[in-house]
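Have a look at the sequence and the 3D view, then read on.

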Amino acid sequence: MCGIVGYVGKLNAQNVIISGLEKLEYRGYDSAGIAVIGKDGMNSAKFKGRLSVLAKYLEEHPIEGTIGIGHTRWATHGVPSDENAHPHFNKDKTIAVIHNGIIENYLELKAMLLEKGYEFRSQTDTEVVAHLFDFYYDGDLLQTAFKVENAIRGTYAILAIHQDSPNEFVALRCEAPLVIGYGNGENFVASDIPAVLEYTREVAFLENGEIAHVTANNVTVYNTKKEIVHKKPFTVEWSLDAATKGGYDHFMLKEIHEQPQGIRDTINNRIDGKGYIKLDDIKLTKEEIQKFDKIYIVACGTAYHAGCVGKYAIEKLAKIPVVCDIASEFRYRDPFVDNKTLVILVSQSGETADTLAALREARRKGARILSITNVVGSSIARESDDVFYTWAGPEIAVASTKAYTTQLVAFYMIALTLALAKNTISERTYFMLIDQIKQAADILEEMLKDDTQEKEVAELIKDKNALFYLGRGVDMQTAKEMALKLKEISYIYAESFAAGELKHGPIALIENGTPVIAISTQEPMIEKMVSNIQEVKARGAYVIGIASEGDNLISSVCDKVIYVPKIDDLLAPLISVVPGQLIAYHTTCLKGLDVDKPRNLAKSVTVE
């Protein structure tokens with residue numbers, strides 16, 4: 001949530017900041033703003049709406065200067081408006097502040113500042129920070145930052161500049177991500193790596209409680225004790241091209257088509273010369289694995305759905321009890337976690353606030369922490385005992401696709417590793433499943449050459465108000481993920497149900513013409529699914545089946561069927577989810593909606 005870019009150097013700060021914010025649009029936002037210090041002092045502009053509104057204004061009213069900060073805001077405190085957009089300022093507009101996160105004690109601080117005579121123009125918690133910088137400022141911006149940090153509580157990534165210090169800015173970090181970009185005679189701070197890749201590949205992450213003092217020629221990082229922290233930059237290997245559309249109409253479509261390569265990259269580099277899985281960043285020994293008496297999988301949204309599939313895989317292959325929990329609920333219910341528990345956390349960004357909070361609660365209870373994430377050096381990765389990087393490359397569209405399928409691959413590989421260590425699987429089955437995961441990449445590549453049927457389904461459902469998904473077993477988890485994809489970008493109410501639960505209430509929602517998508521890839525359950533489909537057909541539903549090739553029973557009861565290639569039942573979610581992704585994508589396009597930036601949503605959710 002929220003995009004942050006700060007720059008000091010030799011280039012036009014306005015251009016660098018706008019370019020960086022464009023690379024962060026995927027994070028979700030409802031307003032944008034910029035502040036630059038030039039020869040004539042502090043100048044700024046901020047507007048409700050898309051970044052293009054701000055960019056167009058700056059084309060006509062350019063701001064000159066070589067230091068500045070910019071922001072795209074996702075509303076928490078205060079409605080989207082010009083007044084609530086960042087940056088926020090002190091009374092005489094000599095100080096500008098941008099902020100991602102939530103200041104939890106802002107009401108207390110605001111009351112104190114009001115007593116001191118400060119006036120507030122916005123409804124935000126961030127304006128408190130701007131006035132705090134003014135309140136504490138004594139001519140030294142860095143020392144002021146230390147005082148502000150001591151005064152505030154909550155989650156924050158903050159950048160601040162002062163008109164009287166036109167060659168420096170400060171960055172404060174607590175729970176919300178900030179990355180430093182090291183240049184030659186210029187330096188950057190941003191919410192995420194894509195914002196700086198055009199200018200540098202040398203980056204480092206700020207940790208909680210750290211403050212960076214940034215000038216054109218130097219970045220000095222301090223901890224809460226005001227001690228210097230020596231950062232070792234690392235080189236970003238993936239290219240800026242990987243974060244652009246590459247000829248596709250939308251990032252989401254590009255990322256759907258990148259899934260075969262994401263699967264290959266996730267598995268192929270982790271197979272040794274004898275064909276065994278080697279998980280280099282997971283240091284669990286066979287003895288430690290055998291000690292675990294339960295596993296918790298904790299995540300949010302799409303990552304949670306991947307975790308639910310992971311539960312099936314681990315329980316079936318490794319015979320260890322698994323509990324799937326939503327991260328925002330996990331730490332509030334005193335879960336049964338101890339030193340015999342493995343907690344697997346899943347987060348595409350590695351910065352999801354609820355998942356990070358769950359990690360710390362699990363660690364407090366003594367659990368071993370294994371994270372699955374796509375972002376090297378992210379907060380969750382750094383705080384975990386073991387890490388599985390999915391190597392999906394940057395995912396920009398808010399609706400996650402390739403992150404999901406690579407997370408599934410991660411779970412299958414972890415399940416196979418646990419099973420081999422516990423001797424609950426034969427080597428024949430072990431190697432067969434590895435081979436089929438590899439084959440899934442080729443299957444998907446072939447499937448993606450023709451999306452005619454998905455477009456036809458999109459035409460059928462684009463004007464509907466509601467749609468239901470049904471599944472049994474692991475297909476039920478695929479149904480959940482398909483429903484989420486449709487609702488989050490097309491704004492059609494979509495819900496998923498365990499097909500056997502229809503008669504216990506949900507069937508009351510079915511009426512003449514109600515579209516139902518039934519996923520049926522699990523061979524032992526096909527006959528049961530046919531019965532459930534008959535139930536909704538009898539109430540007037542229009543049923544679209546998604547089934548494995550060779551299944552003639554499903555076609556006998558559905559109005560339309562999309563067939564997917566047959567693969568082992570356990571691995572079927574890798575294949576069957578893709579038609580659902582494409583249906584959601586094409587439906588949204590037909591409705592004329594913004595595929596990559598759906599309303600009210602953000603890619604990286606860094607507030608609880």
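Are arginine 173 and glutamate 351 buried or exposed? Both of them are buried. Keep in mind that this is a predicted model, so what follows describes a prediction.

**Charged pairs**

What does the pair link?

How many salt bridges does the structure hold? The count is 31.

| Salt bridge | N to O distance |
|---|---|
| lysine 365 and aspartate 334 | 2.6 Å |
| glutamate 446 and lysine 449 | 3.1 Å |

The lysine 365 and aspartate 334 pair also links distant parts of the chain, 31 residues apart. Lysine 365 is in the loop between helix 11 and strand 19 (368–373), and aspartate 334 is in the loop between helix 10 (327–330) and strand 18. With a relative accessible area of 52%, aspartate 334 is over the 50% cut-off and therefore counts as exposed.

**Two helix pairs**

Now for the helices. Find helix 1 (residues 13–23) and helix 2 (residues 51–60): their axes come within 11 Å and cross at roughly 160°. That angle is over 145 degrees, so the two helices are roughly antiparallel to each other. The crossing of helix 1 past helix 2 is left-handed. On the helix 1 side, the residues that meet helix 2 are Gln14, Ile18, Leu21 and Glu22; their partners in helix 2 are Leu51, Leu54, Ala55 and Leu58. Sorted by class, this contact has six nonpolar residues, one polar and one charged.

Next, look at helix 4 (residues 126–136) and helix 5 (residues 141–151). Their axes come within 9 Å and cross at roughly 125°, which makes helix 4 oblique to helix 5. Here the crossing is right-handed. Which residues of helix 4 meet helix 5? They are Val129, Leu132, Phe133 and Tyr136, and across from them in helix 5 you'll find Leu141, Thr144, Ala145, Lys147, Val148 and Ala151.

**A buried aspartate**

One last stop: aspartate 125, in the loop between helix 3 (106–115) and helix 4. Is aspartate 125 buried or exposed? Its relative accessibility is 2%, under the 20% cut-off, so it counts as buried.

What does aspartate 125 touch? Leaving aside residues up to four places away in sequence, it touches His77, His99, Gly101, Ile102, Ile103 and Tyr106. Tyrosine 106 is 19 residues from aspartate 125 along the chain, and the C-alpha atoms of the two are separated by 5.6 Å.

Key:
Residues numbered from 1 in each chain as written. Predicted model: local features only at pLDDT ≥ 70, side-chain atom pairs only at ≥ 80, totals over all residues. Heavy atoms only, no water. Axes fitted to C-alpha atoms, helices over the stretch in contact; angles between N-to-C directions. Helix = DSSP H or I, 4+ residues; strand = E, 2+ residues; numbered from the N terminus. Parallel < 35°, antiparallel > 145°, perpendicular 65-115°, else oblique. Left-handed = near helix turned anticlockwise from the far one by under 90°. Contact = heavy atoms within 4.5 Å. Nonpolar A, V, L, I, M, F, W, Y, C, P; charged D, E, K, R; others polar. Salt bridge = Lys/Arg side-chain N within 4 Å of Asp/Glu carboxyl O. Buried < 20%, exposed > 50% of the residue type's maximum accessible area, 1.4 Å probe, protein only.
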